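Please find below my notes on the structure, arranged as numbered points.

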Amino acid sequence: MGFVVTDRLEEALNHHRQALSLRHERQKILAANIANADTPGFKARDIDFRAEFASALGRRGERLELAATAPGHLARRGAPAAVGEVLYRVPDQPSLDGNTVDIDRERSAFVDNSVRYQAALTLLNQRIQGLKGAMAPE
């Protein structure tokens with residue numbers, strides 16, 4: 001019976017867990033773009049959040065694990081979804097040094113992603129509070 005409850009809880013929270021994981025990965029990519037705004041030849045990257053999220057939810061039943069390359073490595077079970085495909089941005093105005101970072105676009109995407117991350121975190125917190133309330137004895 002304990003496994004059924006755990007599976008149900010995991011299923012109820014999976015949507016939010018996947019969203020937070022992908023938002024976190026996207027934030028790291030956008031931060032790298034901003035950090036390399038003046039690096040000659042740097043190509044701005046991003047992910048298609050909707051496609052990656054749909055893909056992550058499609059893998060709902062799978063457990064993602066890190067590969068153990070040596071006998072002493074510990075396996076990590078239930079790792080969050082990894083980003084599948086990182087795309088390069090097509091610049092609006094290419095620079096002479098080959099850098100494709102548009103700092104205004106990157107800052108805008110960074111702030112947008114931050115707000116969406118915070119919203120997903122708030123929704124997850126509300127979901128947990130609702131589940132706790134449902135499980136509490138009266």
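1. Among the contacts in the protein chain (heavy atoms within 4.5 Å) between residues at least 6 apart in sequence, 75% join residues at least 24 apart. This is a predicted model, in which local features need pLDDT of at least 70 and side-chain atom pairs count only at pLDDT 80 or more, whereas totals for chains, interfaces and linings use all residues. Residues are numbered from 1 along each chain as its sequence is written, and side-chain values use heavy atoms, with hydrogens and water left out.

2. The secondary structure of the protein chain comes to three helices and two strands, which follow one another from the N terminus in the order α-β-α-β-α. Helices (H or I, at least four residues) and strands (E, at least two) are taken as DSSP runs and numbered from the N terminus.

3. Of the 138 residues in the protein chain, 25% are buried, where buried means under 20% relative accessible area, exposed means over 50%, and partly exposed covers what lies in between, with a 1.4 Å probe and protein chains only. The chain exposes about 9,600 Å², and carbon and sulfur atoms supply 56% of that area. Accessible areas come from the Shrake-Rupley method with a 1.4 Å probe, and for residues only the protein chains shown count as cover.

4. Which residues of helix 2 (residues 49-58) are buried? They are F49, E52, F53 and A56, and, seen down the axis of helix 2, the buried residues fall within an arc of 100°, so they line one face of the helix. The arc is that of the directions from the helix axis to the C-beta atoms.

5. Leaving aside its neighbours within four places in sequence, R26 is in contact with D46, I47, R89, A109, D112 and N113.

6. K43 deserves a separate entry. This residue lies in the loop between helix 1 and strand 1 (45-46) and counts as partly exposed at 39% relative accessibility. Apart from neighbours within four places in sequence, K43 is in contact with N33, Y88, G98 and T100. The C-alpha atoms of K43 and Y88 are separated by 6.5 Å, although the two residues are 45 residues apart along the chain.

7. G98, found in the loop between strand 2 and helix 3, is partly exposed with a relative accessible area of 23%. G98 and K43 are 55 residues apart in sequence and 7.6 Å apart in space, C-alpha to C-alpha. Once neighbours within four places in sequence are set aside, the contacts of G98 are with G41, F42 and K43.

8. L87 is placed in strand 2 (residues 87-88) and, at 36% relative accessibility, is partly exposed. Its C-alpha atom is separated by 5.4 Å from that of R45, which is 42 residues away along the chain; beyond neighbours within four places in sequence, L87 is in contact with A44, R45, D46 and D48.

9. I128 lies in helix 3 and is partly exposed, with a relative accessible area of 32%. The C-alpha atoms of I128 and L13, which are 115 residues apart along the chain, are separated by 8.1 Å.

10. The second largest pocket holds about 160 Å³ of space and is lined by H15, H16, A19, R23, F49, F53, R116, A119, A120 and L123. Helix 1 (2-35), helix 2 and helix 3 (103-135) each supply at least two residues of this lining, which divides into six nonpolar, two polar and two charged residues. Here Ala, Val, Leu, Ile, Met, Phe, Trp, Tyr, Cys and Pro count as nonpolar, Asp, Glu, Lys and Arg as charged, and the others, Gly among them, as polar.

11. The structure holds one cavity of 30 Å³ or more, and about 30 Å³ of space lies in the largest cavity. Its lining consists of R89, V90, P91, D92, T100, D102, R105 and E106, of which two are nonpolar, one polar and five charged. On a 1 Å grid over the protein atoms alone, a cavity is a set of points where a 1.4 Å probe fits but cannot get out, and a pocket is an open set with protein on both sides within 12 Å along at least five of seven lines, while lining residues have an atom within 4 Å of a point. Grid points are joined across faces, edges and corners, and a volume is the space filled by probe spheres set on the points.
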